[in-house]
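This report walks through selected features of the structure shown below, from strand pairing to chain contacts.

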2 protein chains.
Amino acid sequence: MRLLDESSVEDLAVGAAILGTGGGGDPYIGKLMAVDAIKECGPVELVDPHEVPDEALIIPTAMMGAPTVLVEKLPGGGEVFQTFKALERRLGRKAYATISAEAGGVNSTIPIAVAARLRIPLVDADGMGRAFPEIQMVTFHLHGISATPMAMADEKGNSVLLDTVDDFWTERISRAVTIVMGGSSLISLYPMYGRDVKEAAVHGTITLAERIGRAVRESLREKRSPVQEVLKLTRGYELFKGKIVDVERRTVAGFARGEAVFEGLEEYKGSILKIRFQNENLVAIRDGEIVASVPDLITVLEVETGLPVTTEGLRYGYRTVVIGMPCNEKWRTEEALKVVGPKYFGYDIDYIPIEERMKG
Amino acid sequence: MRLLDESSVEDLAVGAAILGTGGGGDPYIGKLMAVDAIKECGPVELVDPHEVPDEALIIPTAMMGAPTVLVEKLPGGGEVFQTFKALERRLGRKAYATISAEAGGVNSTIPIAVAARLRIPLVDADGMGRAFPEIQMVTFHLHGISATPMAMADEKGNSVLLDTVDDFWTERISRAVTIVMGGSSLISLYPMYGRDVKEAAVHGTITLAERIGRAVRESLREKRSPVQEVLKLTRGYELFKGKIVDVERRTVAGFARGEAVFEGLEEYKGSILKIRFQNENLVAIRDGEIVASVPDLITVLEVETGLPVTTEGLRYGYRTVVIGMPCNEKWRTEEALKVVGPKYFGYDIDYIPIEERMKG
């Protein structure tokens with residue numbers, strides 16, 4: 001156990017957005033939410049999964065929706081507590097802790113705000129080790145944990161409680177509700193036991209995010225390359241250095257879908273990189289050849305600062321470094337690739353781990 | 001109090017479909033559901049609103065969705081009990097009785113099936129005295145009763161519990177969920193007290209529906225005009241006699257919308273009548289002139305049998321009588337017309353009660 005304070009949160013929000021591969025929300029908004037909560041209620045206990053009692057109830061908290069919408073709808077935050085409490089009532093018991101469903105600028109910090117305000121611990125883990133766009137795309141699902149009962153709420157005061165026959169139905173119904181709620185909602189879902197967290201979660205994500213964020217900050221102060229620090233901590237690869245020359249983005253069926261085009265700089269001069277995204281970056285294609293794909297992580301960083309650019313933040317003229325990072329091993333099984341592999345997202349290619357692609 | 005048996009249900013399903021103005025579901029399906037339940041569990045106690053204790057909990061039960069879809073998805077019925085029980089659990093008490101939300105071939109009989117299987121009474125009343133397409137279009141809403149908590153379920157086993165800030169949000173969210181569930185869902189909503197039923201409901205609808213259905217059946221046996229019997233019981237008017245020559249129908253945003261065109265027969269020869277509908281018939285236009293509009297009732301009857309034709313049942317070549325009937329007085333206030341008047345449905349006309357139109 002250790003305490004997360006305001007400065008931890010500053011670093012963590014940046015690092016989590018880097019792991020968020022373009023999705024999971026804006027780190028600035030995420031930071032505000034968590035810092036406010038810690039200022040009011042004090043630092044948050046971060047517990048290792050192995051410190052959680054086997055029978056303890058753990059409830060993940062998150063925001064659902066298209067990140068383009070999140071930017072316009074800074075959530076009051078009250079709604080997420082409401083969903084957490086609704087699940088506690090539904091299950092007839094108090095939760096021991098909360099946990100992130102995914103890594104991301106907002107989705108790593110919402111659980112911190114919940115933990116601070118409810119004075120409960122946060123578990124140092126998440127359900128992806130990155131961000132993904134759909135409800136069933138968590139390691140919890142791979143381990144047979146049900147997404148429901150799931151509670152949803154919006155900033156107007158509407159709330160919804162779901163019980164479904166499987167996680168795909170949860171995705172369909174909660175997506176339709178999120179769209180009607182204005183494009184984003186606050187959610188509590190995948191209630192689980194301590195022993196589930198030990199088996200099914202990706203461990204250590206909060207600490208990793210904090211280390212990544214701190215490395216970026218310190219390297220900037222010390223005039224070292226922040227990108228190299230990120231690559232070291234994530235065992236990642238530089239895929240491209242380029243200027244954004246085109247961004248096509250539309251909200252379809254509740255998702256921010258689109259493509260960004262990068263024109264090569266320095267050693268990449270004359271090359272073109274394209275990234276296709278659905279909330280999160282899905283594939284990176286350099287001069288017509290795929291250089292990285294889901295479930296591996298693809299993140300766009302500002303060249304000077306090393307700060308992550310979310311899919312909603314992609315703008316013409318940004319000078320960026322695009323990096324690829326290996327995903328957690330849980331995503332690399334045949335079963336997992338059915339849930340989050342390139343084919344699920346409509347790309348008729350086999351998944352090749354980024355380490356292998358980089359060898360070739 | 002009196003008992004509803006199988007033969008009551010046969011008549012009632014027909015009469016309710018006549019009051020259903022084209023919506024509220026198919027009387028044949030409705031009859032099957034309720035007759036099955038009565039066969040298994042015995043007749044249902046029908047209680048007058050004034051017999052209900054003021055503090056008793058009453059939960060309306062219904063089906064939501066486009067009637068075109070209902071025809072294809074004969075519900076198992078189990079789902080509606082599940083929603084009823086979910087509301088009881090949510091409210092922490094047992095319900096005294098159920099009640100219809102609207103009159104209609106299915107929506108008048110679902111509550112009978114619920115009453116039979118749960119061995120509780122059915123209240124002789126409903127929330128419209130007819131059928132309307134949207135959640136907030138009930139007299140309960142006019143009297144300030146909230147549609148939520150509302151429980152929804154589908155035949156696959158998915159269920160949803162809603163708490164919203166107003167009935168318009170309930171409509172939006174539950175409509176989105178119904179569409180995802182496949183176009184129809186089973187629902188329990190507008191939980192209320194006995195005293196609310198006394199004040200806010202349209203009284204006597206079940207008995208009226210049964211009388212209408214019985215009159216149609218008996219007039220056919222005695223070779224009298226069934227249509228005249230219906231007009232007498234509903235203080236209605238014959239608007240047209242004609243053959244259906246065109247039906248345009250599409251499912252939009254979860255509603256069956258469209259237009260039917262009738263070519264005049266007998267004294268109407270040379271005339272054309274058009275009916276526009278959204279699940280229910282909304283306006284009847286004869287030779288370019290409006291002859292009836294919401295909230296008054298417009299129903300299409302088969303010329304020989306007097307049996308009602310629902311909007312999903314409209315077919316080329318049917319020989320029909322179109323009738324108009326005055327709505328309940330609760331719908332004729334300025335406030336009520338904002339909720340169910342022609343302007344709400346996109347027709348820029350003032351509501352003129354059918355009695356006045358028929359005088360001119």
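Predicted model: local features only at pLDDT ≥ 70, side-chain atom pairs only at ≥ 80, totals over all residues.

Strand 18 of chain A covers residues 308-309 and runs antiparallel to strand 17 of chain A, with two bridges between them. Together strands 17 and 18 of chain A make a hairpin. Five residues lie between the two strands. In that turn, A:G306 has a positive phi of about 75°.

Strand 17 of chain A also pairs with strand 19 of chain A, residues 319-325. This pairing is antiparallel and has six bridges. Within strand 19 of chain A, A:M325 stands opposite A:L297. Strand 17 of chain A, residues 297-302, is mostly covered. Five of its six residues are buried.

## A:I323 and its surroundings

A:I323 sits in strand 19 of chain A. Is A:I323 buried or exposed? A:I323 counts as buried because it has 26 C-beta neighbours inside 10 Å, and the cut-off for a buried residue is 20 or more.

Contacts of A:I323 beyond four places in sequence include A:T299 and A:L301. A:V230 is 93 residues away from A:I323 along the chain. Their C-alpha atoms are separated by 9.1 Å.

## The open sheet of chain B

In chain B, eight strands form an open sheet. Their order is 16-15-14-13-12-19-17-18, with antiparallel pairing. Strand 16 (289-293) and strand 18 (308-309) of chain B stand at the edges. Each has a single partner strand, so one side of each is left without a neighbour in the sheet.

Strand 14 (residues 272-278) and strand 15 (residues 280-286) of chain B are joined by six bridges and run antiparallel. B:I275 has B:A284 in strand 15 of chain B as its bridge partner. Helix 10 of chain B, residues 226-234, packs on the sheet. Helix 10 of chain B touches strand 12 (237-252), strand 17 (297-302) and strand 19 (319-325) of chain B. The direction of helix 10 makes about 10° with that of strand 19 of chain B.

## The nonpolar core

In soluble globular proteins, nonpolar side chains tend to be buried together. Here the largest nonpolar core has 229 residues. Which residues touch the most other members of this core? They are A:V322 and B:V322.

## Helix 5 of chain B

Helix 5 of chain B, residues 110-118, is mostly covered. Eight of its nine residues are buried. They are B:I110, B:P111, B:I112, B:A113, B:V114, B:A115, B:A116 and B:L118. Just after helix 5 of chain B comes B:R119, with a positive phi of about 50°.

## Two domains in chain A

The domain assignment divides chain A into domain 1 (2-205) and domain 2 (226-359). Over C-alpha atoms, the centres of these domains of chain A are 24 Å apart. Contacts link 30 residues of domain 1 of chain A with 27 residues of domain 2 of chain A.

Four helices of chain A each supply at least two residues to the side of domain 1 that touches domain 2: helix 1 (6-19), helix 3 (67-72), helix 6 (139-142) and helix 7 (167-180). Helix 1 of chain A gives the most, with four residues. By class, this side of domain 1 of chain A has 15 nonpolar, twelve polar and three charged residues.

## Where chains A and B meet

Between the chains, 17 residues of chain B are in contact with 17 residues of chain A. Strand 8 (159-163) and helix 7 (167-180) of chain B each give two or more residues to the chain B side. Helix 7 of chain B gives the most, with seven residues. The side of chain B that touches chain A has ten nonpolar, four polar and three charged residues.

Strand pairing also crosses between the chains. Strand 8 of chain A, residues 159-163, runs antiparallel to strand 8 of chain B, joined by five bridges. In this pairing, A:L161 stands opposite B:L161.

Key: Residues numbered from 1 in each chain as written. Chains lettered and ligands numbered in written order. Buried ≥ 20, exposed ≤ 12 C-beta atoms within 10 Å, placed from the backbone. Pairing = 2+ DSSP bridges. Domains from an automatic or database assignment. Contact = placed C-beta atoms within 7 Å. Nonpolar A, V, L, I, M, F, W, Y, C, P; charged D, E, K, R; others polar. Axes fitted to C-alpha atoms, helices over the stretch in contact; angles between N-to-C directions. Core = buried A, V, L, I, M, F, W, Y, C linked by C-beta atoms within 7 Å.
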